[in-house]
Amino acid sequence: MPFPGGLWWLLCCRRGFTLLRRDYGEAEREADGEAEDEEEASFELRAQGDQGSLEVSLSQPTRSSSGSERSLLVAEEMRSLIVEKGPGPVEDDPDALVKGWLQREMRGCMKTPWIRPRKYWFVLTPDSLDYYSSNEKGARRLGSLVLTSLCSVLWPDKQLYKETGYWSVTVFGRKHCYRLYTEHLNEAVRWVCAVQKVIDSKAPVQTPTQLLMRDVEEHRDSPEVLEQIYRCNPILRYTSGPLYAPLLPFPYGSLDQSAPGPRSYTTLRDEAVKLFNSLQQLESERDPVPLMQGVLQTCLDLPPLVDEIYCQLVKQTTEPPAPGGQGDLHYWQLLTCMSCTFLPSPPVLRFLHFHLDRTENRFPASEMAKYACFIREALGKTKGRECVPSLEEILVLMQRQEMICTVHCPGAPACSVAISSHTTAEEVAQELVSRLGLSQSPNLFALYEQSRRREQPVGSATLLADVLTRFENLAGEDREQDPPCRLCFKHYGFLDTDNVPRDSLEFALLFEQAHEMVLRGYVPTSEETLQTLAALRLQSLNSDFSTHAPFPRLEELFPPHVLHARLPPLPHRPPAKCRGARLRAGLLAGGLWGQALAKQRAERDQRLRGRLREEGASTMAAIVEKWKLLQGMGRPEAMAAYVALVREWPGFGSTLFDVDLQASPVGPGPQRLWLGIGAKAVSLYKPGEPEPLDSFCYGRISSFGASDSSTFRLSVEDRDLLFETSQVDEIAQLLKTYLASAGAQRLPRPQEPHTSPPTLEPTVLPSGLCPAPGPWQHRPPVGSSHS
């Protein structure tokens with residue numbers, strides 16, 4: 001049944017009044033709300049030019065103060081910031097820098113494409129951004145945004161233009177955020193540049209805390225004046241109430257939420273207030289360690305908050321109600337962790353040093369004085385951290401002690417090293433070199449991060465405390481999938497492997513590192529030689545053969561990739577060419593046919609596993625037979641024979657990296673290669689082949705470096721080689737180390753043509769243990785590398 005005409009008229013009028021209420025009524029209420037908010041403007045901020053006498057009492061900011069005294073303060077501040085405008089025409093305002101019609105997003109609702117937003121007349125002056133109902137004489141000013149040095153403006157967003165057809169201009173103030181829209185990009189850019197120019201022209205804004213910090217520094221030699229400053233300004237002292245505004249100035253506006261990290265943050269001002277609430281919770285926490293780590297993580301994610309937290313901690317440790325109590329010591333303990341993690345700016349650092357001196361003078365021989373002394377020493381060593389302290393490190397810092405770090409040494413017992421939050425990997429490596437008697441060795445040593453999945457050297461300047469924190473995080477993420485990571489002390493660069501004494505600890509390290517290279521597939525040789533090496537490994541571990549001797553797992557003796565290479569390759573099914581074939585394949589995979597395919601794959605995998613077990617059993621039997629032939633060979637002889645066999649490969653002593661050669665001299669297109677970094681040359685190997693494709697002595701290398709995060713560039717005479725790898729930094733660092741060693745004349749000199757390099761005493765193996773002697777290159781390689 002059609003509606004009567006009168007009803008249609010009533011509905012249209014009601015709809016029209018609704019739209020008018022949205023355009024005019026909402027704007028008037030919004031303007032009234034902004035007027036109320038302006039009365040709550042921050043009185044903790046002062047322009048640099050209006051610095052009054054600091055003898056005036058600056059109390060803690062509170063929300064409840066709404067009387068005439070606060071209104072007077074706000075009114076005086078507003079009169080100093082905003083120039084009153086007369087009743088003249090808006091268009092004739094002489095202070096107007098830019099003016100024009102813009103559309104503004106209404107408060108509490110997003111701009112919708114089906115309702116055309118209302119336009120307002122905006123006027124930008126040297127002090128504020130105002131908007132009016134029209135550009136006529138006597139038009140009502142609906143709102144004003146005071147512009148200070150803390151305001152910010154965002155450039156137009158292209159994505160928003162694609163979605164709505166409007167270019168946006170967003171201006172952030174203390175209480176308000178103006179989101180303005182225009183259909184023309186040049187107009188939006190003109191407004192953004194003009195607003196930014198006004199913001200840049202403003203004097204820096206300072207808070208009372210900053211002014212008092214400067215006053216304390218000026219009168220630090222006058223105890224009476226200092227006591228007067230602290231007595232008359234409660235903002236410098238401990239407070240049990242909440243903090244409604246930060247102690248330091250922060251720019252207005254939201255943070256960039258696209259930054260990596262699991263946490264999401266609001267504005268810096270809000271985060272500063274939240275952190276103060278977290279600090280107050282420390283006083284009653286039984287276990288404050290997780291809360292301390294959370295505060296430190298926030299400071300690491302938001303570096304501008306570091307100075308703020310330092311100021312808040314100084315405030316809460318100044319004249320507390322119970323000096324030396326549990327709550328007070330929790331503040332000092334967090335301040336200790338901060339001093340070992342972050343370095344404040346110079347003004348805050350000077351104020352912090354004054355606070356430490358004042359505490360030591362007022363409470364000598366107390367726990368607070370001991371923490372102050374520890375913090376002063378830590379600040380002299382702190383240079384910045386990549387990770388926040390681990391839970392273990394925080395517990396140790398709370399006791400002002402050092403951590404105990406365990407470093408594993410292949411072929412030797414693990415070493416325990418005492419470290420602090422400032423100890424680097426190079427310092428620990430040097431201590432282990434001295435402790436293990438390796439000072440006279442020409443070879444280079446370093447610490448490695450080692451796990452079942454990967455192994456990488458630790459940078460010489462890396463803080464071990466950061467490495468331990470990463471281990472703690474990885475253990476929490478992959479607790480069941482992967483064994484925990486550990487630190488390992490190993491050879492970093494081989495400058496001389498021929499003259500290492502057999503009875504030394506270094507030879508044991510060399511033996512263990514050679515065995516690692518064999519297991520990872522970095523020693524291309526025949527399967528017969530690999531079985532011989534496995535037998536020698538058993539002899540070095542268990543001495544002569546015995547049925548009661550413990551047997552390691554096969555993957556700890558023999559390269560796993562060789563066994564996998566024996567299995568038949570999986571059948572390759574070409575992909576469907578047409579869309580209909582792919583659709584039919586998808587339908588079949590989702591029904592009974594898919595279940596049959598899954599069953600076939602499971603049966604095939606079971607057969608492959610059975611075949612792999614059979615191959616493993618036969619290989620282990622062959623290794624045991626060779627082990628029996630080593631009857632009577634001692635452990636040193638077995639280790640020497642193992643190293644002698646591995647040393648026959650020309651690439652032994654080089655550190656191998658898996659790379660993809662982009663500019664290949666041997667063929668077009670990317671090619672998977674080994675990049676061998678040695679003491680004398682850089683070589684390229686095809687995985688599994690003993691002879692290098694090419695070799696470059698350091699005299700032929702003109703330059704090297706990282707083209708980007710995953711590309712390493714090596715310039716050899718008149719050509720550039722580009723390698724795709726995830727170990728760009730490790731390759732560059734190792735090359736720098738070898739070049740530095742060559743510059744210090746630590747590299748062995750090239751041998752003359754008529755001389756031969758020194759070698760170890762030959763080790764005679766039992767007959768039948770190894771294949772017939774011959775050139776290394778005549779032994780067929782097996783398999784490929786297994787990184």
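In this predicted model, the charged end of Lys-628 sits over the ring of Phe-545, at 5.0 Å from the ring centre.

Aromatic pairs were searched across the whole structure, and 14 were found. One of them joins Tyr-522 and Trp-674. The ring centres are 5.3 Å apart and the planes meet at 90 degrees, so the pair is edge-to-face. Tyr-522 belongs to the loop between α16 and α17 (527-542), while Trp-674 belongs to strand β16 (residues 671-677); the pair therefore ties together parts 152 residues apart in sequence. Tyr-522 has a relative accessible area of 11% and is buried. Trp-674 is buried too, at 0%.

Trp-649 and Tyr-685 form a tilted pair, with 5.4 Å between centres and 55 degrees between planes. Trp-649 sits in the loop between α21 (635-647) and β15 (655-661), and Tyr-685 in strand β17 (residues 681-685), 36 residues apart. Trp-649 is buried at 1% relative accessible area. Tyr-685 is buried at 3%. Elsewhere, ring pairs link Tyr-120, Phe-122, Tyr-131 and Tyr-178 into a cluster.

Helix α16 (residues 505-519) spans 22 Å from first to last C-alpha, close to the expected 21 Å. Of its 15 residues, 13 are buried. Just after α16, Gly-521 adopts a positive phi of about 80 degrees.

The largest nonpolar core holds 57 residues. Leu-296, Tyr-310, Leu-313, Trp-332, Leu-334 and Met-338 touch the most other members. A second, separate core of 42 residues includes Val-518, Ala-549, Val-624 and Ala-641.

Notes:
Residues are numbered from 1 along each chain as its sequence is written. This is a predicted model: local features need pLDDT of at least 70, side-chain atom pairs count only at pLDDT 80 or more; totals for chains, interfaces and linings use all residues. Side-chain values use heavy atoms; hydrogens and water are left out. A nonpolar core is a set of buried Ala, Val, Leu, Ile, Met, Phe, Trp, Tyr and Cys residues joined through side-chain atoms within 4.5 Å. Buried means under 20% relative accessible area, exposed over 50%, partly exposed in between (1.4 Å probe, protein chains only). Helices (H or I, at least four residues) and strands (E, at least two) are DSSP runs, numbered from the N terminus. The expected span of a helix is 1.5 Å times one less than its number of residues. Rings of Phe, Tyr and Trp (its six-membered ring) pair if their centres lie within 6.5 Å; planes under 30 degrees apart count as stacked, over 60 as edge-to-face and the rest as tilted. A charge sits over a ring if NZ of Lys or CZ of Arg is within 6 Å of the ring centre and within 35 degrees of the ring normal.
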